[in-house]
Structure formats: C-alpha cells, structure tokens
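Please open the model in your viewer and keep the selection tool at hand.

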Amino acid sequence: MEIFWFIILVIMLGMYVILDGYDFGAGIVHLLFAKTDEERAAIRNAIGPFWDANEVWLIASGGVLFFAFPTLYASAFSGFYLPLMLVLWFLIFRAIGLELRGQLHNKLWERFWEKAFGVASLCLALFFGAALGNVVRGVNLGMVENGVSTQEGHYFFLQLWNPTLDPLAESHGIIDWFTILLGIVSVITLTIHGANWIILKTSSTINSRLRSIIFKLNMVLCVLVILTAALWQYVKPFPLNNLIDHAWLWIFPLIAAVGLIGQFWIHKFKKDGMGFLFSCLFIMGSFASTVASLFPNVLPSTNSVNPSLTIYNVAAHEYGLSVGMYWFIIAFILVVIYFIIQFRVFKGKLDDVGYGDH
C-alpha cells in the first residue's frame, strides 16, 4: 500500500507542476515580456478560467501527504516552515493580483496588481525549484551537531540561508548555491511552459516573439540541466544508483530529453499545441527521474546518525491506507470529470474571454 500511495502522491504533485506551472510561467511572461495592455490581457485570458482549479492539485496533494505519510507531513511542514509561509503569501498575492486588478479602472491600481501577479509567479517558480533542490540535497534530520542528535530523528528546521551558502555544510539553509541553481532551472522551465500555453490558447501578437524567446531560453536550459546533473554528483555522490540497478527507469530521463530537444523545433511546429506537449514531457520526465533516483527515500538525511525518511518509515497504518483507497478512487473520478468539463467549455483560443474585466 505504501508504494500505491507514493505513486498517487507523485502523480498528483506532477499534475500540479504541469497545470499550475503554466500559470506561473504565464505570470513570468506577463511580467518580463508583455509590452502592451493587449498582450497582458491576452495572457490573463489564457489562464483566467484555469488557475484556481489548477491549485486544487496542490491542496489535494497536501491532503494525501497528511493521510498517507503523516510523519513526512509533520517533518516537512515544520522543517520548511519559513519558505512555506513565503509560498503561502506569494500564492495569495498571485490570486488577488488577478482578481483585484479589474476592480478599479486606474492605471496605478492596475499596474500595481499586474506587478504583484508577475513577481509572485516568478518567486513561486523560484521557491518550488529551490524546494526540490532541498529534497535532492537532503536535510540534517535530528539536527545533528558534532555527531550527536539534538532532536528526534525525523525533526529538522532550516534557516533561510547559512553564511557560507554551502550545500555540504552541517547547518543547512533553504538557499544555497545548489538550490538556487535548481530554482533558476525551475524559473526557465516554467517560463517556457507558460509561453507554450499562451501560444496554445491565444492568437496574440506576442506569440511570434514568444517562439524566439522559447528557443533562446531552451538553449540556456540545456546548459543548466547538464550543469545541474554534474553538480548533483558532487552534492550527493552516486545519485543515479537506482537508474543503474533498474534499467527500465531510464525511460524517464529519455522522456525529459525528448521534451527538451523538441523545444528547438518551436519555429517549425504547425500546431500550436506541440510546444506545450514537449514542455509537459520535459517537466514530467525530469520530475519522475528525480523521484526514481531518490526512491524509496522521500527526505534524505545528510548525517549518518539518523536514517533517511522513506515511504516505509513515514507511512500511516496499512488498514487506514486500504480504506482510504476506495474514497480516493471516488474523489479522483469526480476531479477527472470536472477537468474534462472545464477543458471542453474553455477549449480553443481564449482571446475574447475578458477575464478580470469589470
């Protein structure tokens, strides 16, 4: 049952990254690349009917984490308390930036909330990438000092950064040079993803520029992906042991490579949805590759005193997991039906939706 719920959790988190990821990317495009009010309006129209529904996957993932892996939930939500509070505020400002902008027709008011929406989207992409970097790097479980555990074996707490910004320091911070690198990769990845969504859902004048931007950003992303993979070997020696031991897991890096390489043909795609398909493949393949490399660990320990948290030592009782499976199936079917209806209602281009206009 632990593996079943782990797969469910990974799928739900992956759905959140793909679906709300294009919202973050659209916000970054809105902040950095949109030049006119018409282009900014087109971007808001592209995500307007979807963004709040996409965030349901984050809430649902938290619910599954609380239900199936309560020890991990308790450990992560206390240890990552500071960045989680920042993420909460960024989520709030992104939402109210979209909703409050059109409530008052004043240039200063509109520009303020447009910037709030864009900056919050950029910071969310950066923080979620850094969060993944923290999991990949591991944390000091038990808060070991000089070889002695000062707390319970599943407990930790991270400051925002340590003075050295060294990922190998005994006292970790949320921010170090490795997690920042992962954050930058996340920002570029989601910017490409959001740009592809805008191309898919609008006929805006910005679309031709976005294709050139995607091509250039993808070249930077290729370099950063190679650099990150190399530095991962330094931060966490032998990170690919699972892939070496189980050859079939290489399907996930292959999917990521197909998605990454496919973006270079962005100027030649005849269908607007092809770019979005390839960015989905890259995100899905990269996320699955990371999870496969860590398995069965869900939060690695950086010390030898306390063991890493795995799906087996953080899971709830098997009886509860078994009963919850039936309720999850019902809920999942309802969510799928909802999303099918939503995408059918808002299919095609959304230039004339007028989201946020009052």
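A residue is called buried when its relative accessible area is under 20%, exposed when that area is over 50%, and partly exposed in between. The model shown here is predicted.

**First stop: two residues with positive phi**

Select Leu165, which is found in the loop between strand 3 (159-161) and strand 4 (173-175). Because its relative accessibility is 36%, Leu165 counts as partly exposed. Its backbone deserves attention: Leu165 has a positive phi of about 55 degrees although it is not a glycine. Most residues other than glycine have a negative phi, and most peptide bonds are trans.

Next, select Met143, in the loop between helix 7 (107-137) and strand 1 (144-145). Met143 is likewise not a glycine, yet it has a positive phi, of about 50 degrees. With a relative accessible area of 24%, Met143 is partly exposed.

**Second stop: a cis peptide bond**

Select Phe295 and Pro296 together. Which kind of peptide bond joins Phe295 and Pro296? The bond is cis, with omega at about 5 degrees. Pro296 is found in the loop between helix 12 (273-294) and strand 5 (297-299).

The structure holds 14 salt bridges. Begin with Asp37 and Arg40, whose closest N and O atoms are 2.8 Å apart in a salt bridge. These two residues, Asp37 and Arg40, are three residues apart in helix 2 (residues 37-47), which means that about one helical turn separates them.

Now select Glu39 and Arg209. Their side chains meet in a salt bridge, at 3.0 Å from N to O. Glu39 lies in helix 2 and Arg209 in helix 9 (residues 206-235), so the pair ties together parts that are 170 residues apart in sequence. Glu39 counts as buried, with 4% relative accessibility, while Arg209 counts as partly exposed, with 25%.

Continue with Glu110 and Arg101, which form a salt bridge whose closest N and O atoms are 3.8 Å apart. Both Glu110 and Arg101 are buried. Salt bridges that share partners join these two residues with others into one network: select Asp37, Arg40, Arg44, Arg101, Lys107, Glu110, Arg111 and Glu114 to display it.

**Fourth stop: two crossing helices**

Two packed helices are described by the angle between their axes and the distance between the axes. Select helix 1 (residues 2-32) and helix 8 (residues 177-201). How do the axes of helix 1 and helix 8 cross? They come within 6 Å and cross at roughly 90 degrees. Angles of 65 to 115 degrees count as roughly perpendicular, and helix 1 and helix 8 are therefore roughly perpendicular to each other. To see the contact itself, colour Val17, Ile18, Gly21, Tyr22, Phe24, Gly25, Ala26, Ile28 and Val29 of helix 1. On the side of helix 8, colour Val187, Leu190, Thr191, His193, Gly194, Ala195, Trp197 and Ile198.

Switch to a surface display and select Tyr319, Val323, Trp327, Ile329, Ile330, Ile333, Leu334, Ile337, Ile341 and Val345. These residues form a nonpolar patch on the surface, with about 1,100 Å² of accessible area together. One of them, Val323, is found in helix 13 (residues 318-345). Val323 counts as partly exposed because its relative accessibility is 33%.

**Sixth stop: distances across the model**

Stay in helix 13 and select Ala331, which has its place there. Ala331 counts as partly exposed, at 36% relative accessibility. How far apart are Ala331 and Asn106 in space? From C-alpha to C-alpha they are 43 Å apart, and in sequence they are 225 residues apart.

Finally, select His246 in the loop between helix 10 (241-245) and helix 11 (251-262). His246 counts as partly exposed, at 42% relative accessibility. Between His246 and Glu145 there are 36 Å in space, C-alpha to C-alpha, and the two are 101 residues apart in sequence.

Technical notes. Residues numbered from 1 in each chain as written. Predicted model: local features only at pLDDT ≥ 70, side-chain atom pairs only at ≥ 80, totals over all residues. Heavy atoms only, no water. Patch = residues over 30% accessible without salt bridge, like charges linked within 9 Å, V, L, I, M, F, W, Y side chains within 5 Å. Areas by Shrake-Rupley, 256 points an atom, 1.4 Å probe, with all protein chains shown as cover. Salt bridge = Lys/Arg side-chain N within 4 Å of Asp/Glu carboxyl O. Helix = DSSP H or I, 4+ residues; strand = E, 2+ residues; numbered from the N terminus. Buried < 20%, exposed > 50% of the residue type's maximum accessible area, 1.4 Å probe, protein only. Axes fitted to C-alpha atoms, helices over the stretch in contact; angles between N-to-C directions. Parallel < 35°, antiparallel > 145°, perpendicular 65-115°, else oblique. Contact = heavy atoms within 4.5 Å.
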